[in-house]
Structures are given as structure tokens and as C-alpha cells.
Amino acid sequence: MIQRFPKWLALLAGGLSATGFAPLNLWPVTLACMALLIHLIATAPSRKAAFSRGWLFGLGQFTIGLNWIAIAFTYQDAMPHWLGWVAVVGLSCYLALFPALATLLAHLLPRKTAAADICFILAFAALWLVTEWMRAWVFTGFAWNPLGVIALEFGWAARLVGTYGLGALVMLIAGALLQGVQRQWKPALGLFAGVALLSLGGWTLAPSPAGFTRTPITVVQPNNDQSDKYDPVMAARNFARLVDQTVDRKARPGRIVFWPEAATEDFVEDGYPRRYYYPETPAGIRARLTRPINDGDLLVTGGVKLDFDRNGRAIAAANSVFVFSSQAEILGSYDKSHLVPGGEYLPYEEILGQIGLSRLVPGTLGFTPGPGAQTLDLGRLGRMGLQICYEIVFSGEVADRNNRPDFIFNPSNDAWFGPWGPPQHLAQARMRGLEEGLPVIRSTPTGISAVVDADGRLLDSIAHHKAGHIDTVLPRAHAATPFALWGNALALGLAGLLLLFAVALRAFPR
């Protein structure tokens, strides 16, 4: 069957491999599918066959794994809802080029046999790592669901080589399984041993705490549905839900209260034309927002900034986070850097707009990106890094290495993304905590809000479509991990090492 229907098998294996990601987490299925892919590429009769098999595998994996994008279109009335599935398949056709590139390059490598030997497996794992890293930045990048995320629960090696390096180790395990099926016991054991050593290194790294915190925090989830977000009739109710989950007269003084992305549609900065505040003043808006918190608390909430031209005309917006004191002062802010293609901006808008496409976030103003990862000093309450929503998926880009934070706040709006998107998003946020040795705090309108410790463990959460709040203390940060210090240079170094081993073993066979 493998020889008769290799393309259909590649497509089917790709689709099944997506079940290893959240919410199903069937990672053994993904390992089996990756082993099958290695065999299909090693036995491909030509470059074209290797490329097409890799592309079909990627098409299946991304189409199933990114099904949540289609759900987002049901909240956008400017376009027909069925276009969501066209977008999923179209995006998957593009993303599948990256695994196809890895499979093509692997097939081009000199080999002495048509089977997948240890040299082929080492090289293929390295090339998979490099192409996943490329997927994170080519054309602004779309780093969703890299292979390493399936190993989150036992991915200690991510402290050393990050998520992309962990994906290469997953590929080596799949190769070892294939070698075992082919009764090549020595290579299989060698691959298992190599992965075990790196994993043990990450596990025994035993990061020491970088400080002790008893900072009380409240993470708020109001359960505001996306369909109500832009309805002015629902604005008062949506705000009341935030207040209900925030007010706590018995809370310890000095809390940090976390609200979701875009929790307020009001403009809180001074200096805008008066019509942007009517009927309130900016001071009145800030006072209303901070009224639910206690003296000495801080409120961290998502909002929007505007940029104006000389004539007072709004020309651009920024997806932002503001920090308010209990006296309604703005203590700091952060602007989102990685904007969502198709969400906050439409790529090639001058072309795609002509055929009726629009971005998912409504409005006439385009969003502009911020400068990148930043750390805001909250005084005695610590140093906060910020990553708004989608930004958290970019491995190696979530913390300022020159001003390391004590934790990362990841406000998000997962209300768009159905039952698959939020758990996938949470898994990737947890991976950032493990890589960086930093706690991650998530607040969303309707799930999944969570508190993640510096080992990537889920300490507490509020489920999808539930209202609630989490009252706890901020988890401790670890000392900077090797990955936190060096980032994806370590992952690319691992790729180079795997290629070097592949060449050496090919040149000097035993």
C-alpha cells in the first residue's frame, strides 16, 4: 500500500499527525506519522516525489490543525463565512511549502541506500528544525504548532534548544521508531540515547530561583463572547462582568489585576480630539476603569492607541496594554509587535481587497506594530514582560534579554477560535515559560485564562466559555535558561551538529 498510494498516505498521515497537538494531544499518533513520513521521503523515487509527499503531509497537518481559523470567519459579516475554510486550505497550501522544502533537501543528500538510515534521519531532523525556524519569520512568519509542542509535558530539552530544537528531537524519536520497525536496533538505540542525553541535560539543569515573590495577582475572565464585543448595546454589560470578577474588598493590598486583550474600547490617553472621548473625559474614563481595584493595586488591561496626523485625523491604531495605578494614572504601556496576518492587517491589501477580502478585526484604521519585546518596571511588584495574544507563539522573541522580566503577561482574545484554537494557544504559551524559565499569566475574554509557572506547568486555569477569576500569588521566575540567554542560536547550532554527525557517519562508516 505504501508503494501504491504514497501521496494519499502522505496526506492522510499529515492530517492524523495534527491530532498530537492540543486539544487531542495524541502525540504517539504524531510520532507514528512522522516515522511514516521519513520512510516515504527516503524511498521517494525522485526529487519531485519527495517534494510532493512533503507538501501533501504539510497540507494535511496544517488543514486539520488550523481548523480554528475557519471559526473566526463566523464573526466577520463583511465576508461570507464559508470563506473561512478557503482561508484555512489556502494558508495550509503555503505553510506546507516549509515541510516540503525539508523533504526535498533531505532527498537531495547523497545516500548509499534507498532506505532511511541513521545519517538520513539525522539530516532530516536538522532540516526540519531549520525550515520550522524559517516558518517563524518568512513573510512576517506564522509559527503556530511547531512539532516540538507535542512534547510539552516532557520537553525539558527546550530549556537548552528551544521548541524548534525539541521538534528535531521528536523527529529523531520518530526515526528511532522506524529503525526499530526495520530491525536496525543499534541505530535506533543510538538515536534514543542521544535524545535522552539532551532531555536529561534539560531536566538536570535545575534552574535556581532568581527571586522570591509573594505578589498577589487576580486574573480575570469575564466570559464576554466575540459576537458581543463590538456591539455598543452590550458594552455596559461586558464591563460589568469585568468589574464583577475584579472587585474584592478582602483582597490583600498591592495586587496586580490582569484584564484581557482589548478589554476596553475607550481611549485612555490624553491629547486626542474631544470627539474620541465623548461623553466622558479621558480622566473620567481612567477613573471608571480603575474604580474596581483597591488602593495600592495595579490594573493591567488591553486597550487601543491612536496615531494622528497634523490635522487631527486618526491615521493608525495600535493594539496595546496599559498599566494603571489605583489613582487612575497610566504607569506604562506596550504596543503589540507581531500583528496577525488577516486579523489585524490584510497582506497585499491593495490586491486582496479588490476581490472582497478584508481583515477580521473590523474598522477602517490599520494597525501598526510596536518595537518588540519590552519589560515594564512595576516597582516593588516586579518587572513585567508583555506579549499580546498571537505574539506568544514566537519562540525566542518573547522577553527582552537586556532587561529580563520576572514574568510574562499574555493578554489574549481567544473568543474567535472555537474549541481547538484556545488549547493550542495555551500550549504554546506554556512552552515559552519552559524555554525562558519565566511564569506566564494569561487573561482572555472567554478562555482559556491561566497561570503557568517557570517550568511550563499549568497551575490554574479558567475553562473556555466560563466566567471567573484566579486569585493567587505570582509564581517565581527561574534564573535565565541557556535558551533564554542565547535563543534560537542554540537550536540552529543543534541543526548544524546533527548535519555534521550525518556527514561524519556517512564518510566514516563502521
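Ala 18, Phe 21, Gln 61, Phe 62, Gly 65, Leu 66 and Asn 145 line the second largest cavity. The model is predicted, with local features requiring pLDDT of at least 70 and side-chain atom pairs pLDDT 80 or more, while totals for chains, interfaces and linings use all residues. Residues are numbered from 1 along each chain as its sequence is written, and side-chain values use heavy atoms, without hydrogens and water.

**Cavities**
- The whole structure holds 2 cavities of 30 Å³ or more (a cavity is a set of points, on a 1 Å grid over the protein atoms alone, where a 1.4 Å probe fits but cannot get out; lining residues have an atom within 4 Å of a point).
- The second largest cavity has a volume of about 30 Å³, and its lining comprises 4 nonpolar, 3 polar and no charged residues (Ala, Val, Leu, Ile, Met, Phe, Trp, Tyr, Cys and Pro count as nonpolar, Asp, Glu, Lys and Arg as charged, the others as polar).
- The largest cavity, of about 60 Å³, is lined by Gln 61, Phe 62, Phe 98, Pro 99, Trp 128, Thr 131, Glu 132 and Arg 135.
- Helices H3 (47–65), H6 (97–108) and H7 (118–135) each give two or more residues to the lining of the largest cavity (helices are DSSP runs, H or I, of at least four residues, numbered from the N terminus).
- H7 contributes the most to this lining, with 4 residues.

**Surface**
- Leu 24 lies in the loop between helix H1 (6–17) and helix H2 (27–42).
- Leu 24 is partly exposed, at 42% relative accessible area (buried is under 20%, exposed over 50%, partly exposed in between, with a 1.4 Å probe and protein chains only).

Notes: 1 Å grid on protein atoms, 1.4 Å probe; cavity = no way out; pocket = protein on both sides within 12 Å on 5 of 7 lines; lining within 4 Å. Points joined across faces, edges and corners; volume = space filled by probe spheres on them.
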